[in-house]
Amino acid sequence: MLLLVIYIIAITAEAMTGALSAGRRSMDWFGVVLIACVTALGGGSVRDVLLGHYPLTWVKHPEYLVLTCCAAFVTILIAKWMKHLHSIFLLLDALGLIGFTIIGCQIALDMGHGFVVSAVAGVLTGVSGGILRDILCNDVPLVFRRELYASISFVAVIFYWFCMDVGLSLEVTVISTLVFGFSLRCIAIYFGLEMPKFIYKDDDEQSASSKDES
Amino acid sequence: MLLLVIYIIAITAEAMTGALSAGRRSMDWFGVVLIACVTALGGGSVRDVLLGHYPLTWVKHPEYLVLTCCAAFVTILIAKWMKHLHSIFLLLDALGLIGFTIIGCQIALDMGHGFVVSAVAGVLTGVSGGILRDILCNDVPLVFRRELYASISFVAVIFYWFCMDVGLSLEVTVISTLVFGFSLRCIAIYFGLEMPKFIYKDDDEQSASSKDES
Amino acid sequence: MLLLVIYIIAITAEAMTGALSAGRRSMDWFGVVLIACVTALGGGSVRDVLLGHYPLTWVKHPEYLVLTCCAAFVTILIAKWMKHLHSIFLLLDALGLIGFTIIGCQIALDMGHGFVVSAVAGVLTGVSGGILRDILCNDVPLVFRRELYASISFVAVIFYWFCMDVGLSLEVTVISTLVFGFSLRCIAIYFGLEMPKFIYKDDDEQSASSKDES
């Protein structure tokens, strides 16, 4: 099954990004494994808990949990050579983002939800693993700053719906959404595209600048 | 229905506080929308997940989710004029806090829970949206520092129970709790009332001061 | 019942660590109580939500919630003398860690889950209260840095399984796991044992050092 292969690539890639984040914070091995698991499986868990879709994926298939732990340990071993693999890594991560989005969207559809809820489920599955990772590492979530990360997840959901609506089969829809979203993400990374930012300064700014003067 | 009107005002006001927080951190539009949704709908979601009250409000009524997104975009547009609306905003937020508290408390009562659990449900609904917002923006939650914010939510729950116990009808109870809690919050803001703080310094302080000397 | 006594000691000890953390951040009384509750009951709640094990412990037995609140207030009162009780406190915390682990593991087993899921449930129950506490206080979770904290929880789960597998009765298994895990934790604290850390520096380091030079 195509989706399963994508899912396994996605959780492996996400587990590795989690492990690297933990390494940047000099965590011990347990922290690395935990953050890898949260990054890889957290998005799906958040979706399932919010939709009441029990049992969670990793409770039903504990082998994914074991896979994630192995990916974390492999990351610890090969971290030195990681920089040379940076671009491969970004591609896997992009594949993972779109794969997670499609899976999340499809699960909500299978539960009988409409467009809005399945769009939220897709985007949540795609991005909330990374958000949880950044919260545990005490960062402002990167997702809100990186090039079009979450927005591509959202556009992929719309494309997916469009394909389904036109009457394409599930396989064709999945593959074309994957190709579409993946290309979009690559274009965004290559050209450094970003969403417009909303910058709001309130009165704190004045007091901050007056502090600088004093 | 009165509670529905209050609920809609509450989620709109909370979505706007969320959007402004995201703007202070210079997030992109997606981040602004996500944080607005989490702030407005997160409190209810936390309550529903903890009590096992499925489906969640926004899954059942996706229109609230759409409303929250719209409120976030409106906030981006009108942010420049926001400072002049500051006091209106605080009042709406106060209304939202009490409204959320009443709704959370009532849902727990409808599920057959007793005083302690419904008090927790009320306070959680009122404050945890703001807590999640501050976690995502990587702040120490404001709720624990602002003037009597969470405590007013708790006092409103006690007042609500008292009214029910005395035998008042649901409408009268809701309106009087609303008026009572709202006035209390206004008084707290006006006089800058705060709860006593618990300040604990352990041995870290000594090592910190010795660092300053060196 | 032995497990109940351990559970009550555990939530009291964890509530106190939570209250002290809140005090270090100068939170108001409400914040102290909330963080005490999250630290003491959050681990079990996370486990129950992820496994779909409703109702949660504190919803079924609100008296534990009341106990936690009382422990928080007592901590505020006796904080001045807390430093002299530091070693007793560490012992109670160690007892709590192992107690939570055993309870979490046993609940997952009662629900019919296998080794991997019950191990995760045990470790989650043991450590995620502390993780939530540190997130709310805006720290990088201590669990990933302290001496063998989470790893001891994991080793205790393996020991527990081993005892069950050998065919020991529940009582004997619980007591021997408790003694085993508790001793292990004491040894770890006494000798300051730590897990190997995974330290990963990427290109940010170079730019950081170049900033220092300029």
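**Helices H1 and H4 of chain B are oblique to each other.** The model is predicted: local features need pLDDT of at least 70 and side-chain atom pairs count only at pLDDT 80 or more, while totals for chains, interfaces and linings use all residues; side-chain values use heavy atoms, with hydrogens and water left out. Residues are numbered from 1 along each chain as its sequence is written, and chains are lettered from A and ligands numbered from 1 in the order in which they are written. Helices (H or I, at least four residues) and strands (E, at least two) are DSSP runs, numbered from the N terminus. The axes of H1(B) and H4(B), the latter covering residues 62-78, cross at roughly 45 degrees and come within 8 Å. Axes are lines fitted to C-alpha atoms, for helices over the stretch in contact, and angles run from 0 to 180 degrees between N-to-C directions. Angles under 35 degrees count as roughly parallel, over 145 as roughly antiparallel, 65 to 115 as roughly perpendicular and the rest as oblique. The crossing of H1(B) and H4(B) is right-handed. A crossing is right-handed if the near helix is turned clockwise from the far one by less than a right angle, and left-handed if anticlockwise. Contact (heavy atoms within 4.5 Å) involves residues of H1(B) including Leu4(B), Tyr7(B) and Ile8(B), and residues of H4(B) including Tyr64(B), Leu67(B) and Thr68(B). By class, this contact of H1(B) with H4(B) has 14 nonpolar, 3 polar and no charged residues. Ala, Val, Leu, Ile, Met, Phe, Trp, Tyr, Cys and Pro count as nonpolar, Asp, Glu, Lys and Arg as charged, and the others, Gly among them, as polar.

**Helix H1 of chain B also crosses helix H5 of chain B.** The axes of H1(B) (residues 2-24) and H5(B) (residues 86-110) come within 8 Å, with a crossing angle of roughly 125 degrees. That angle makes H1(B) oblique to H5(B). H1(B) passes H5(B) in a left-handed crossing. On the H1(B) side, the contact residues include Leu3(B), Ile6(B), Glu14(B) and Thr17(B); on the H5(B) side, they include Phe89(B), Asp93(B), Gly96(B) and Gly99(B). This contact has 15 nonpolar, 3 polar and 2 charged residues.

**In chain A, helices H1 and H4 pack with their axes 8 Å apart.** H1(A) covers residues 2-24, H4(A) covers residues 62-78, and the angle between them is about 45 degrees. H1(A) is therefore oblique to H4(A). The crossing of H1(A) and H4(A) is right-handed. Among the contact residues are Ile11(A), Thr12(A) and Ala15(A) of H1(A), with Ala71(A), Ala72(A) and Val74(A) of H4(A). The residues of this contact divide into 14 nonpolar, 3 polar and no charged.

Pro55(B) sits in the loop between helix H2 (29-51) and helix H3 (57-60) of chain B. Pro55(C) is placed in the loop between helix H2 (29-51) and helix H3 (57-60) of chain C.

**Ser26(B) has a positive phi although it is not a glycine.** The phi of Ser26(B) is about 55 degrees. Ser26(B) belongs to the loop between H1 and H2 of chain B.

**Record features on chain A, from an unreviewed UniProt entry.** UniProt positions follow the numbering used here, feature names are shortened, and annotations may be inferred rather than shown by experiment. UniProt places "transmembrane region" at residues 64-81, 88-109, 115-136, 148-168 and 174-193 of chain A. Residues 88-109 of chain A are 100% helix and 0% strand, and the end C-alpha atoms lie 32 Å apart. Residues 148-168 of chain A are 86% helix and 0% strand, with end C-alpha atoms 27 Å apart. UniProt also places "domain: Glycine transporter" at residues 5-79 and 91-163 of chain A. Residues 5-79 of chain A are 85% helix and 0% strand, and the end C-alpha atoms of this span are 24 Å apart.

**Chain A is superposed on chain C by a rotation of 120 degrees.** The shift along the axis is 0.0 Å and the RMSD is 0.0 Å. That is the relation of a three-fold axis. Of the contact residues of chain A, 12% recur in chain C, and the copies use different surfaces. Copies are superposed by least squares on the C-alpha atoms of residues with pLDDT of at least 70 in both.
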